[in-house]
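Hello,

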Amino acid sequence: MRVRDLPLSQSVVDHFSERGVRELYPPQRAAVEAGVCEGTDVVAAVPTASGKTFVAQLALLTAEGPGLYVCPLRALAREKYETFAALPGVDVGISTGDFDATGEALAGNDVVVATSEKVDSAIRNGASWVDELACVVVDEVHLLGAERRGPTLEVTLATLRRRNPDLQTVALSATVDNPEAIADWLDAALVESDWRPVELRTGVAVGGDVAFDDGTSLSVDVAADRETGVDDVDPDAVNGGSGGDDAGDDDAETDPTEVTAALVSDAVADGGQCLAFVRSRREAVDLAERLADDGLASELGVEDAAAAAADEATEVDGTLTGRQLADCLRAGVAFHHAGLRSGHRAVVESAFRERDVACICATPTLAAGVNVPARRVVVRDQRRYGEGGMSWIPTLEVHQMCGRAGRPGLDPHGEAVLVADADTREAVRERYVEGEPEAVESKLADPGALRTHVLAAVATGFAATETEVLDVFEGTFYARETGAGGLADAVAVAVDDLVAAGMVARETGGVEDYRLVATAVGETTSKQYVRPETGERIVAGLRAAADLPDATTLTAFEVICDTPDMQDTYLGNEERADVYQFARTNAARLTTDMTDPDDFEGWLESVKTARILDEWIGGATVEELVERYRIGPGDLDSRVERAEWLLSAAEALGETTGISVPAVSRARSRL
């Protein structure tokens, strides 16, 4: 099937032709045959790099009205925005921030690219443009199973479909165990395929020997007598993301870092690029610095381009992280993790696409992010630290890493290699090479998530009784999984919690016919797009701050930082005493008593975050704060951004309750 045979304008056909897109891939052809160009709801569960974006473009270009493209990450939203904006005659808008706004400026665009959180916020704030949509495309729909992001994606999609029964829904997913369940939920045609434009072979490496699943093998020379390892626990470990290192051996033949380095060097010597995945930020930096010793820039012949990329990174800031990245880039290597500033990440991604960098050493966050394919992917770590200690990384997550291997038009094949040892070889092979990815399961049952979305349903007027709340959630994936009885029980508990928190009130009446009404605090909390627990904590904090004789900007920051909507900030062992002493010294300016918190560790982390923000508005530089508090420059950026949002919510809640705390406005204006 050819692009010119599709119901597209000639200018669009020419656009694709100029980019070498003339023939449809098999999964794309299957989507067309399923009716994606005719308004049919479609779920496409296909591997990475198999043409899902083109399927999205077909749906949006042939829809009889405006379209919405929902994706999970801001960086991915920006990438897709640029892709859609390049289409001739298509007006594209993008929105990823300003949670307390309707985004009415987006009205009139042919396509809107947004995160699910932004769409959810726009709905809560009365956006009219969402009712005009003819098509919604949801990228990475398997993230329904994500703890934090999944419930919002699920409820947002269900709400859009409930408000507009004629809305075409196209859901794009990596290969999962139960795509038919997602298709059944959406009443959609299922397009399922394991076809890839570049053949992928996956193997397990023990020492320098790799055995691939297609029966082939590979041997690489592993360096000996090199010291490796980490000397402390990474911040990711404490925050549940990743960290530490339980692997390593004095025998260089089994040292995972040296095996990884050998696999990277082997691919680069053959003219390819690599992605190397490790479990934590620190290990990404350590591995990049280790690989920098191998002179990969000269091996790939990109010394000048690599130096230019290093200069770009240097211009972003003067932090230690930035200097480390620049040094690695000059050697043709980079690292990529959530602690980098967006400018640093952009430099790394661009340099890799331009083949100016031989290898990126990354945490798993890159696997679900922007498009950076490589000839070989090396997954050094398959376990990481979580709340229960060391645990295996989900199979789906590893498959997404492996799916980055193989660049269409550049590589004859892609290779994914999982580094193991003799003891773990079979477990790694069974779980990740031969095993199937996990099924997608709804996370809407989480009490915090359910309370948030029940409050939104009541505050927006979508529901005025528990029965109507059930009607709102009837179209969720959770309702399909749990049935009417389970959903009713969960909603009843959520309503009771919201009433107890002062977010919702029951109007007088019989047991069967009482009405639910959002209180003024509940309505403001929902519109400001903060969780009910955050709204409750902010109101309590404002009351306490109003009674303090010396409420300062530190007070304001402490109120918003001690909420579930502010990200945790890693607290090192040697920092605990210092932060505790800081809290004691400044007790008169804090709204919480250090003897009260149930989670003392979490409270100390919130005090540390408040201290950082207060020093930031006091004139401390990024470089100073990063070095003093062992945070990434990207961490500071994200905390500042969240603080702006939460201070805005605190101002709004202060107006709603009539509680005046001038320090909140001072903190926000100075931030």
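**Salt bridges**

A network of salt bridges links Arg-201, Asp-214, Asp-266, Arg-376 and Glu-415; a salt bridge here is a side-chain nitrogen of Lys or Arg within 4 Å of a carboxyl oxygen of Asp or Glu. This is a predicted model, in which local features need pLDDT of at least 70 and side-chain atom pairs count only at pLDDT 80 or more, while totals for chains, interfaces and linings use all residues. Residues are numbered from 1 along each chain as its sequence is written, and side-chain values use heavy atoms, with hydrogens and water left out.

In total, the structure holds 42 salt bridges. Buried means under 20% relative accessible area, exposed over 50%, and partly exposed in between, with a 1.4 Å probe and protein chains only.

- Arg-149 and Glu-117 form a salt bridge with the closest N and O atoms 3.7 Å apart. The pair links helix H6 (residues 149–163), which holds Arg-149, to helix H5 (residues 116–124), which holds Glu-117, 32 residues apart. Arg-149 is partly exposed at 28%, whereas Glu-117 is buried at 16%.
- Asp-131 and Arg-163 pair with their closest N and O atoms 2.7 Å apart. Asp-131 is in the loop between H5 and strand S5 (135–138), and Arg-163 is in helix H6, 32 residues apart. Asp-131 is partly exposed at 40%, and Arg-163 is partly exposed at 30%.
- Asp-565 and Arg-531 form a salt bridge at 3.4 Å between the closest N and O atoms. Asp-565 lies in the loop between helix H22 (553–561) and helix H23 (576–585), and Arg-531 in the loop between helix H20 (520–527) and helix H21 (532–546), so the pair ties together parts 34 residues apart in sequence. Asp-565 is buried at 6%, while Arg-531 is partly exposed at 22%.

**Second largest pocket**

The second largest pocket holds about 600 Å³ of space. Of its 23 lining residues, Pro-47, Thr-175, Asp-194, Leu-200 and His-399 are the closest to the centre. A pocket is an open set of points on a 1 Å grid where a 1.4 Å probe fits, with protein on both sides within 12 Å along at least five of seven lines; lining residues have an atom within 4 Å of a point.

Strand S8 (200–206), helix H15 (395–402) and helix H16 (425–433) are the elements that give two or more residues to this lining. H15 gives the most, with 4 residues.

Regards

How values were computed:
Points joined across faces, edges and corners; volume = space filled by probe spheres on them.
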